[in-house]
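Subject: Structure handover

Hello,

Here is the structure I said I would pass on. My notes on it follow below.

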Amino acid sequence: MGLLDDLQNEARQIKVREAQQKVELAAQDEFYKAQLRPLMLRAYEYYAELIENLNVVAPDIQANYPLNPLIDGGIPLRQANYKIKLDSTETPRQIDIFCQCMLAAPYKFYLPGQKAVQNLSQLLENYNFTYHRKHRLDLSHKIRGATFILQGPMIAHVRLAANLAGKNIHIIFRNVERTPLNRYAFPPEAVDDEVIERVAKVFLRKVPVLVDRKVDASVRDQQRSEIEQDKYEASRADGEGERRSIDRNKPRPIIATTRTVAERARGLLKVFSVSEA
């Protein structure tokens, strides 16, 4: 019976997919417990203490934002009112850090040009910055400029998220770095105490960005050179088919397989995967 056979085949395929999904989810859970959970707990302990001390000390921290394209250097905003949020104390998968960035008083200015008005309006919306705008129209009822009244406040936000499917840590900055939104993906072995602290330094405006691209370029060049050398050695090792005899009194060189080299390349370059919106 064709109908029954078709249903049986479809049911078998569904059961196979479900079984594969269970195996994959179980592997992700084991990886989370071994690699991601300890990192998230360590990061939360650091940031929770940091936020507590910040609200007591209340340091005077200001950051300039390009909210008025007519002036150089940007408009200074003072940040305060720090908060931290954790989705779970036992199995944390998301840490959120917030603060408010505030103007000393409402800021008013006139901006000429329709395109300039549209661009600034889009930027303010990307920052989720509260403002008012009053258009000035020409005789054809087209926008010739606009008066902006900036009010704020604006929320600066950092999120650390454990990505089980990708087996990595996502670090997301909103309204903190040079653009409204920046995302980073790090393998867990790369998120050491130095990276955890650098996230805090970016949030507190002690350094401008999490990853310095000028430095990264040289690092990537060096890593690519090392990877190419590994590929060369791996091709030799794969082609020989047998190990050479090595003097036991000398240190034994490590010759990676092609698969190992590929995994290493992905791991190294993933540190620098940055997407901006």
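Which residues does L150 touch, not counting residues up to four places away in sequence? In this predicted model, L150 touches L67, I75, L103, P106, Y107, F109, L124, F129, T130 and Y131. L150 also belongs to the largest nonpolar core, which has 57 residues, and together with F148 and I171 it touches the most other members. Helix α1 (residues 2-57) gives this core its largest share, nine residues. As background, nonpolar side chains in soluble globular proteins tend to be buried together.

The chain as a whole

The protein chain has five helices and 10 strands. Of its 277 residues, 33% are buried. The chain exposes about 17,900 Å², and carbon and sulfur atoms supply 51% of that area. Taking contacts between residues at least 6 apart in sequence, 60% join residues at least 24 apart.

Helix α2

Helix α2 covers residues 114-127, which makes 14 residues. From first C-alpha to last it reaches 20 Å, close to the 20 Å expected at 1.5 Å a residue. Its buried residues are V117, L120, S121, L124 and Y127. Seen down the helix axis, they fall within an arc of 125 degrees, so they line one face of α2. These buried residues pack against five strands: β1 (61-65), β4 (107-112), β5 (131-137), β6 (143-150) and β7 (154-163). One of them, L124, is also among the residues that L150 touches. Just after the helix, N128 takes a positive phi of about 55 degrees.

Helix α3

Helix α3 (residues 193-203) has V195, I196, V199, A200, V202 and F203 as its buried residues. They cover an arc of only 160 degrees around the axis, which puts them on the same side of α3. D193 and E194, on the other side, are exposed. The buried residues of α3 pack against helix α1 and against strands β2, β3 (94-102), β7 and β8. Just after this helix, R205 takes a positive phi of about 70 degrees.

Is N175 buried or exposed? N175 counts as buried, because its relative accessibility is 1% and the cut-off for buried is under 20%. N175 sits in the loop between β8 (168-174) and β9 (181-186). A polar atom of the N175 side chain lies 2.8 Å from the backbone oxygen of I155. Setting aside neighbours within four places in sequence, N175 is in contact with Y65, N126, Y127, M154, I155, A156, P180 and R205.

Q28 is in helix α1. Q28 is buried as well, with a relative accessible area of 12%. Not counting residues up to four places away in sequence, Q28 touches L164 and A165.

N81 belongs to strand β2 (residues 75-86). Its relative accessible area is 43%, so N81 is partly exposed: the value falls between the 20% and 50% limits. Beyond neighbours within four places in sequence, N81 is in contact with N55, F98, C99, Q100 and M102. The side chains of N81 and Q100 are joined by a polar contact of 2.7 Å. These two residues are 19 residues apart along the chain, and their C-alpha atoms are separated by 5.9 Å.

N64, in strand β1, is partly exposed too, with a relative accessible area of 48%. Apart from neighbours within four places in sequence, N64 is in contact with G73, G74, I75 and P76. A polar atom of the N64 side chain lies 3.2 Å from the backbone oxygen of G73. N64 and G74 are 10 residues apart in sequence and 5.0 Å apart in space, C-alpha to C-alpha. I75, one of the contacts of N64, is also touched by L150.

Regards

How values were computed. Residues are numbered from 1 along each chain as its sequence is written. This is a predicted model: local features need pLDDT of at least 70, side-chain atom pairs count only at pLDDT 80 or more; totals for chains, interfaces and linings use all residues. Side-chain values use heavy atoms; hydrogens and water are left out. Helices (H or I, at least four residues) and strands (E, at least two) are DSSP runs, numbered from the N terminus. Buried means under 20% relative accessible area, exposed over 50%, partly exposed in between (1.4 Å probe, protein chains only). Contact means heavy atoms within 4.5 Å. A polar contact is a pair of N or O atoms within 3.5 Å; within protein, one must be able to donate a hydrogen and the other to accept it, and residues adjacent in sequence count only if both atoms are side-chain atoms. The expected span of a helix is 1.5 Å times one less than its number of residues. The arc is that of the directions from the helix axis to the C-beta atoms. Accessible areas come from the Shrake-Rupley method with a 1.4 Å probe; for residues, only the protein chains shown count as cover. A nonpolar core is a set of buried Ala, Val, Leu, Ile, Met, Phe, Trp, Tyr and Cys residues joined through side-chain atoms within 4.5 Å.
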